[in-house]
Amino acid sequence: MSSESEKPDAKYRHDEDGGPDPEAHGGHGRGGMGEEVKRKEDRRFITGRGNYVDDIKKDGMLHCEIVRSPHAHARIEQIDTERAEAMDGVVAVLTAEDLAAYELATMPTLMDDTQDVLVSDKVKFQSQEVAAVIAEDRYVAKDGAQKVRVHYDTLDSVVDAEKAMAEDAPLVRDDIEGQEDNHIFTWETGDEAATDRAFDEADVTVEQDMYYQRIHPAPIETCGCVADWDTANEQMTVHLTSQAPHAHRTLFSMVSGIPEHKVRIVSPDVGGGFGNKVPIYPGYVVAAAASYVLGRPVKWMEERSENIQTTHFARDYEMTGRIAATEDGEITGVDVDVLANHGAYNAAAQPSKFPAGFFKIFTGSYDIEAAHGTLDAVYTNTAPGGIAYRCSFRVTEAVYLIERLVKVLAQELDMDPAEVRRKNFIPKEAFPYESATGWTYDSGDYERALDKALESVDYDGLREEQQRRIEADDDKLLGIGLSTFTEIVGAGPGKQCDIAGIEMFDSAEIRVHPTGKATVRIGVQTQGQGHETTFAQIVAEELGMDVQDVEVEHGDTDTEPYGLGTYASRSTPVGGAATAVAARKVREKAKKIAANELEVDAADVVWDRESGSFHVTGAPDRGVTMTEVAAASYMNSPVDEEPGLEAVDYYDPPNMTYPFGAYVCVVEVDRETGEVDIRQFYALDDCGNRINPMIIEGQIHGGLAQGIATAMLEEVTFDDNGNVTAGDFMNYLLPTAMEIPHMDTDYTVTPSPHHPIGAKGVGESPTVGSPPAVVNAVVDAMSHAGVRHLDMPMTPDRVWDTLDEAGLTLDPADRLDLGGDSGGDAEDASAD
Amino acid sequence: MTEKTITLTINGSERELDVEPRLLLVHAIREDLDLTGTHIGCDTGNCGACTVYMDGQAIKSCLLFAAQADGSEITTVEGMADHADAGRGKSDLHPIQEGFREMHGLQCGYCTPGMIMASKALLDANSDPSEGEIREGISGNLCRCTGYQNIVKSVQYAADVLNDREPPESPVEHEESATAAADGGTDCGSGCGCDAGFEAGGPDAPPAALDAPSRDPDGARDGGAEGGERR
């Protein structure tokens with residue numbers, strides 16, 4: 001997908017002053033592109049002066065506690081609030097009836113569904129919101145919530161997507177007119193006829209079912225807000241754990257009816273988001289409604305169990321993938337069917353024209369002529385979701401599918417998986433590349449990345465060790481897993497991608513002050529990515545400034561320019577582009593002011609990035625620094641120029657960016673216990689031009705840890721009654737420092753040709769690329785015995801079962817007997 | 001509910017509080033004492049965001065009632081910069097705090113105060129821990145952003161400073177061959193003339209940035225030092 005848009009700012013997309021000297025990489029020495037600048041935001045966090053939503057205290061602030069359903073599926077017969085209302089310190093108890101008076105009992109989702117804010121008739125998943133207690137104190141609010149009596153008539157529930165499609169399945173959404181089953185929509189992509197032909201003509205076809213389990217982003221800070229209706233100014237201020245403050249302002253205004261200029265969303269420091277803080281949740285609406293009704297600030301902060309059980313989950317795709325290939329391993333077609341569990345509401349937060357997100361990038365890094373996919377989404381009695389958890393709208397599921405299928409094909413053909421990949425890579429000279437499902441990949445050099453990865457880990461040596469262990473009947477099997485993935489990030493373009501109709505551009509505003517320091521305001525929102533540093537580096541690079549002289553602001557809709565927020569790795573591809581373009585607009589004006597100062601024509605002035613100054617062509621000693629130009633723009637402005645030195649840019653990207661990587665995971669699988677030990681994880685990422693190597697490496701570490709956790713530990717599970725059985729940190733297993741191995745990072749640089757600074761975005765690649773590397777490694781360790789697949793999370797019991805079915809398990813007793821001399825007993829045991 | 005009067009010595013100052021018996025220590029610290037650097041992340045004692053240093057130990061302040069802490073001495077993250085070891089590195093901060101910054105041991109910052117306090121208890125008990133000991137020492141604290149690798153380095157950095165060794169300048173493991181071509185490096189096809197020097201659109205034309213020679217390692221080290229001085 002690519003739109004050759006010619007927006008007025010297109011001329012700034014390429015640096016007419018030539019850009020930095022590619023030979024003198026590493027910036028200009030004052031914190032520009034490629035330099036390792038320590039993070040500017042860190043001091044407040046390490047001294048305990050961060051400002052998160054729960055840190056906010058306001059005079060007269062009330063606390064909101066939500067009464068939740070213990071049942072996954074039940075009719076509400078009666079809600080008895082009197083005992084709670086009678087409690088000292090309880091100010092109000094709200095139910096759907098109260099909210100209905102303000103038309104706030106339900107809210108629209110981004111996928112054209114309607115979600116209950118508080119339920120009046122039927123709860124559809126466990127822990128769904130039923131009532132809210134507003135009290136003077138958070139303890140009293142909890143006491144009050146316990147006193148609210150709700151009488152339920154329980155119904156049979158269904159949590160599994162496949163069972164939800166059965167004819168006799170309980171109907172989750174009997175509130176929707178004409179809805180007679182749990183099916184939501186069918187989505188289709190690609191060319192079915194061509195794909196059928198490819199399969200008919202194929203030498204070899206393989207097919208594999210795989211389940212990408214339901215997981216949760218689980219940022220360490222849960223979701224919450226402080227809503228404050230100012231009765232004097234009739235203005236609503238909401239401090240919100242938000243990844244997209246402006247989009248949330250617009251949605252808040254649309255839902256509440258409060259005019260948008262009277263709504264202010266402030267997203268202060270955000271304690272991790274990973275997609276979890278993109279949607280609007282009922283708690284926000286309840287707190288805002290309560291503040292409006294009571295005229296006092298109201299705080300609502302989730303507990304961890306509420307976060308995992310009710311806010312948006314990720315994945316939950318049951319996939320069947322098929323590959324058609326020639327006998328020498330050339331892939332000729334790929335076909336996929338997906339059953340997608342969307343929970344009780346169709347509420348995925350993604351561009352409205354993409355009901356399956358960007359899943360149709362399932363041809364991956366490979367030049368595959370024919371591709372076809374279908375997807376059916378279903379309602380179940382589970383929390384709504386399908387959020388892009390550190391992922392660009394379902395690309396994670398797509399990458400998992402194709403990277404697993406390639407491994408399955410390699411096994412079928414008895415070829416090395418690295419060889420199958422190499423044979424099918426989109427060649428670097430084919431970029432920009434049009435994929436069979438309609439994307440336009442901007443740039444890539446996959447073979448170089450794979451070569452570097454294989455050499456770095458001594459792939460041949462690993463394969464030899466693997467064989468040696470098999471031959472020696474070693475206790476531990478070695479597995480080597482590859483993943484050579486391509487991401488798709490940086491949505492827009494605005495004509496294709498929108499949120500609630502708003503085109504997915506992003507923005508930056510730069511103000512250079514008379515003393516030569518700059519304030520930069522951006523429309524994207526950091527949740528730990530380090531924007532206050534990296535965006536300052538972009539400006540420092542483009543304006544020749546010292547990075548310490550640039551301050552970046554974000555997260556306040558009253559002061560920042562409109563932006564769509566941070567998710568889908570779009571900050572650098574879109575917001576970073578806007579920042580670079582805004583800086584170039586500043587530089588263009590600065591050049592005219594410099595010409596005035598130097599008393600020459602602007603055409604005779606050149607920009608010197610290294611020194612951060614303008615000088616007269618051919619006379620480097622006749623120059624003015626950017627600081628002097630800044631002063632002149634306020635104190636000696638040219639007669640034909642406006643005073644001041646500012647610019648704003650709203651950047652609509654002409655295409656998305658396509659970062660890629662080559663990952664190698666090396667595991668040891670214990671044949672006695674089924675335990676998987678990740679001996680090495682090597683990650684080569686190509687995110688185009690690099691802004692700050694330290695921050696990039698940190699992003700990759702974090703993403704890898706989440707991907708490894710997905711493969712090894714995490715799953716939101718349910719019992720048959722719809723109870724969430726892994727709904728807190730006791731049971732939903734986040735990895736600690738003990739479970740995450742040392743990770744080796746590496747990179748190549750293949751710049752994006754359409755991005756102003758050639759960058760592609762990096763935060764999500766490792767989460768997307770690593771799960772198949774881990775699964776491929778574990779399967780690889782057992783593939784000599786015919787094992788072809790196992791589902792995530794690969795817990796020891798699941799791995800042991802797979803080992804056992806393949807005849808690979810070792811009985812610990814045998815090992816003990818080897819060193820034992822206890823006579824008859826040992827003989828008996830070995831005879832078994 | 002009957003309130004109980006307790007006395008806490010927090011970050012060196014003695015404070016008297018009237019608390020409900022059921023008030024959690026973390027809420028007393030955050031809401032009664034307004035020390036919001038100590039965070040809440042889970043309610044089940046798993047995440048460690050609420051870790052404080054109490055009477056010589058790292059404790060999870062969500063697992064203790066404030067009343068149980070009566071008479072104890074508590075240090076929170078806010079008190080670290082006033083600690084006797086503060087200023088021993090290159091900044092005014094405690095070497096652990098400085099380590100987190102220099103080694104990029106934090107991203108969103110939410111788990112960081114708890115991590116810093118857990119690290120303090122770890123280093124008090126073991127002034128020069130191995131990587132394995134650090135990983136075990138912080139295993140009661142969850143971080144969702146960093147993958148822990150740079151947190152380990154942050155603690156090692158602090159151990160270096162506290163043992164009078166020169167700490168590393170950078171956590172980056174792959175610094176060589178850094179390249180940056182701010183203009184995209186490849187031809188855009190729009191004929192704008194950027195990156196003149198290789199044939200536009202030629203299939204064999206390598207992006208300029210890719211042919212750049214590797215960064216000279218001494219230069220790289222200098223660059224790192226410069227970055228390190230900034231704050």
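**View 1. A:Ala709 in helix 17 (residues 693-712) of chain A.** The model is predicted: local features need pLDDT of at least 70, side-chain atom pairs count only at pLDDT 80 or more, and totals for chains, interfaces and linings use all residues. Residues are numbered from 1 along each chain as its sequence is written, while chains are lettered from A and ligands numbered from 1 in the order in which they are written. Helices (H or I, at least four residues) and strands (E, at least two) are DSSP runs, numbered from the N terminus. A:Ala709 is buried, because 25 other C-beta atoms lie within 10 Å; a residue counts as buried if 20 or more other C-beta atoms, placed from the backbone, lie within 10 Å of its own. Beyond its neighbours within four places in sequence, A:Ala709 contacts A:Glu714, A:Leu734 and A:Pro735 (contact: C-beta atoms, placed from the backbone, within 7 Å). A:Ile215 is 494 residues away along the chain, yet its C-alpha atom is 9.9 Å from that of A:Ala709.

**View 2. Helix 16 (residues 626-635) of chain A and its buried residues.** These are A:Met626, A:Val629, A:Ala630, A:Ala631, A:Ala632 and A:Ser633. They pack against helix 14 (531-543) and helix 15 (571-598), and against strand 24 (506-512), strand 28 (613-616) and strand 29 (619-625), of chain A.

**View 3. Residues 822-832 of chain A, where pLDDT stays under 50.** pLDDT is the predictor's confidence in each residue, from 0 to 100. For this stretch the model has 6 contacts beyond four places in sequence. Where pLDDT is low, the predicted coordinates should not be read in detail. Chain A averages a pLDDT of 95, and 96% of the residues score at least 70.

**View 4. Helix 3 (residues 112-125) against helix 5 (residues 149-162) in chain B.** The two helices pack at an angle of about 45°, with their axes 11 Å apart (axes are lines fitted to C-alpha atoms over the stretch in contact, and angles run from 0 to 180 degrees between N-to-C directions). That angle makes helix 3 of chain B oblique to helix 5 of chain B. Helix 3 of chain B contributes B:Met115, B:Ser119, B:Leu122 and B:Leu123 to the contact, and helix 5 of chain B contributes B:Ile151, B:Val155, B:Ala158, B:Ala159 and B:Leu162. Angles under 35 degrees count as roughly parallel, over 145 as roughly antiparallel, 65 to 115 as roughly perpendicular and the rest as oblique.

**View 5. Chain B, with 7 helices and 5 strands.** Along the sequence the pattern is β-β-α-β-β-β-α-α-α-α-α-α. Of the 231 residues in chain B, 55% are buried.

Terms used. A residue is buried if 20 or more other C-beta atoms lie within 10 Å of its own, exposed if 12 or fewer, and partly exposed in between; C-beta atoms are placed from the backbone. Two residues are in contact if their C-beta atoms, placed from the backbone, lie within 7 Å.
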